[in-house]
Amino acid sequence: MKILSLVAQRYKSFLNMHTQLTMFYIIFLIIPFYDLFLWITLPLHYKFHNNMNPEEHTKTMLLLEEAHKAWSEMQEIRSKRDRNKDFTYGNQWRDKMKNDDGIVVTEREWMKSQGREPYTNNLIRQLVKSVVGRFRSKIADESDGNTDLNELDSRSLEEFLISGCCFQRITSPQKVDIVSPERMFLRIGTDPLGRDCTMIGMLHDMPLAEVVKRFNGGNRDKALDICHIYNDNDAHGSGSFFTPSLPARVRVIEMWKQVHIEGYDCHDRATGDWYFQEGGNSKPLSDSVERRWTMLSHWQCYWLTPDGSLLSTYSSPYAHAAHPFVFKLYPYTDGEVHSLVEDIIDQQKHINRLITLVDNIMSISAKGVLLYPDNILPHGYTWKDLRNAWARPNAIIPYHPHYASGGGDLPQQISTNATGIGAYEMVNLQMNLFEKISGVNSALQGQAEKNAGAQLYESQIANATISLADIFETFNNFRLNRNNKIAQSSIIQDFSR
């Protein structure tokens with residue numbers, strides 16, 4: 001009986017082990033196929049719930065890919081903007097370099113590793129404020145009472161000086177918003193006026209509730225589908241095309257594209273009506289109708305999710321029949337964008353280095369060092385007594401020249417001249433170059449020269465304004481285009497979901 005009991009226990013243990021191995025193989029063999037099944041059927045699930053056939057889904061994926069490519073092509077503009085913005089607002093030791101060990105570090109980290117404190121004398125910020133202040137004083141005389149629009153223009157000009165580009169979005173005569181270049185993407189040719197733009201859009205970070213409210217189309221099932229699409233979208237902060245940069249937000253891509261359709265221009269001789277017949281196939285018409293094949297273009301808007309789902313699409317509902325954006329890229333020579341701040345970064349870096357150098361030299365130079373021979377220390381004095389007496393006004397220190405050999409050892413105080421190395425001259429040179437390169441002199445910054453009369457001061461301001469005329473006139477062209485679009489931004493048709 002004991003043998004049978006032992007055999008039964010061994011057999012039961014074997015069955016348990018066999019069962020565990022079987023489950024092990026099931027887990028590692030079946031689950032990958034299940035994941036593959038989910039990966040294949042997930043797009044089908046979204047297509048089903050969004051009422052999209054495979055052809056429509058392929059089209060939206062191509063649109064998403066086109067938008068992402070356009071956004072990636074603007075990476076250089078975004079990188080230069082980040083650098084210019086850092087220099088404008090004081091982070092001026094952020095450029096990368098290699099240290100003696102070949103490790104890439106920031107200039108600030110390298111300075112600190114050398115035992116020096118990097119100092120910043122931010123002249124760029126003052127320059128930008130001076131130009132924006134000059135602009136504000138100019139539009140104050142032309143103001144029509146719309147202070148909100150003047151404030152938006154001032155901030156747009158600041159962005160224009162920093163990055164060389166500015167964007168605004170007009171959805172109604174009362175709704176004008178500034179859009180950061182970080183969120184914009186566009187497809188444009190070489191026209192500085194942007195008239196050859198064929199695609200433009202922006203990245204939105206919205207609360208999920210707002211997305212559901214705007215794009216449900218009065219359909220509860222579609223609202224549930226939108227919630228399901230963003231169910232696992234909790235990541236943020238990466239600043240990528242697909243991921244929101246703000247917490248508790250979801251990413252929505254707004255894309256406007258110029259599309260072309262074929263059809264016929266038709267003229268009914270009996271009634272005198274002209275109309276457009278869409279489609280390339282011939283359709284029977286009355287004998288009184290003459291027609292000619294042609295192609296028309298219009299602006300179409302697409303609202304996309306990061307997984308390629310289509311939230312909404314409609315033709316431009318505005319009176320101007322175009323996209324709601326206004327933008328300006330400067331100077332856009334051969335498609336290149338360069339800003340005022342970019343031109344003066346090198347001078348700003350040189351000024352910071354010189355100031356840091358002067359501070360370091362002054363900190364390590366001898367300042368009132370006393371050389372006192374130890375063989376003539378007065379009787380009864382300690383070195384502490386001598387230091388206190390030397391620093392005290394009207395002090396008396398006993399001195400016995402005959403203690404010194406030959407009477408030649410005398411106390412000596414040393415102070416080195418740390419300003420005679422030409423550093424201050426170099427700082428003044430760089431500051432003069434800073435003004436000449438930027439075109440913003442001291443008069444434009446509100447700093448009148450000594451003994452300068454009012455007429456000379458106004459003349460200096462006028463000359464400085466001339467050097468900035470190109471920037472001001474380019475930005476005024478942007479404002480004019482914006483005002484024209486505001487006048488034509490009334491909605492003449494409802495959005496088609």
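The model is predicted: local features need pLDDT of at least 70, side-chain atom pairs count only at pLDDT 80 or more, and totals for chains, interfaces and linings use all residues. Residues are numbered from 1 along each chain as its sequence is written, and side-chain values use heavy atoms, with hydrogens and water left out.

Start with two helices. Helices (H or I, at least four residues) and strands (E, at least two) are DSSP runs, numbered from the N terminus. Helix H5 spans residues 123-142 and helix H12 spans residues 423-438. Their axes come within 12 Å and cross at roughly 35°. Axes here are lines fitted to C-alpha atoms, for helices over the stretch in contact, with angles from 0 to 180 degrees between N-to-C directions. The crossing of H5 and H12 is right-handed (the near helix is turned clockwise from the far one by less than a right angle). H5 brings Leu 123, Ile 124 and Leu 127 to the contact, and H12 brings Met 431, Phe 434 and Ser 438. Contact means heavy atoms within 4.5 Å. By class, five of these residues are nonpolar, one is polar and none is charged. Ala, Val, Leu, Ile, Met, Phe, Trp, Tyr, Cys and Pro count as nonpolar, Asp, Glu, Lys and Arg as charged, and the others, Gly among them, as polar.

On a 1 Å grid over the protein atoms alone, a cavity is a set of points where a 1.4 Å probe fits but cannot get out; lining residues have an atom within 4 Å of a point. The count comes to one cavity of 30 Å³ or more. Ser 156, Glu 159, Cys 166, Phe 167, Ile 178, Val 179 and Pro 181 line the largest cavity. Helix H6 (147-163), strand S3 (165-172) and strand S4 (175-179) each give two or more residues to this lining.

Rings of Phe, Tyr and Trp (its six-membered ring) pair if their centres lie within 6.5 Å; planes under 30 degrees apart count as stacked, over 60 as edge-to-face and the rest as tilted. The structure holds twelve such pairs. In one, the ring centres of Phe 160 and Phe 475 are 5.9 Å apart and the planes lie at 40°, so the pair is tilted. Phe 160 sits in H6 and Phe 475 in helix H14 (residues 469-487), 315 residues apart.

Finally, the backbone. A cis peptide bond joins Tyr 330 and Pro 331, with omega about -10°. Ala 321 has phi near 60°, a positive value in a residue other than glycine.

How values were computed
1 Å grid on protein atoms, 1.4 Å probe; cavity = no way out; pocket = protein on both sides within 12 Å on 5 of 7 lines; lining within 4 Å. Points joined across faces, edges and corners; volume = space filled by probe spheres on them.
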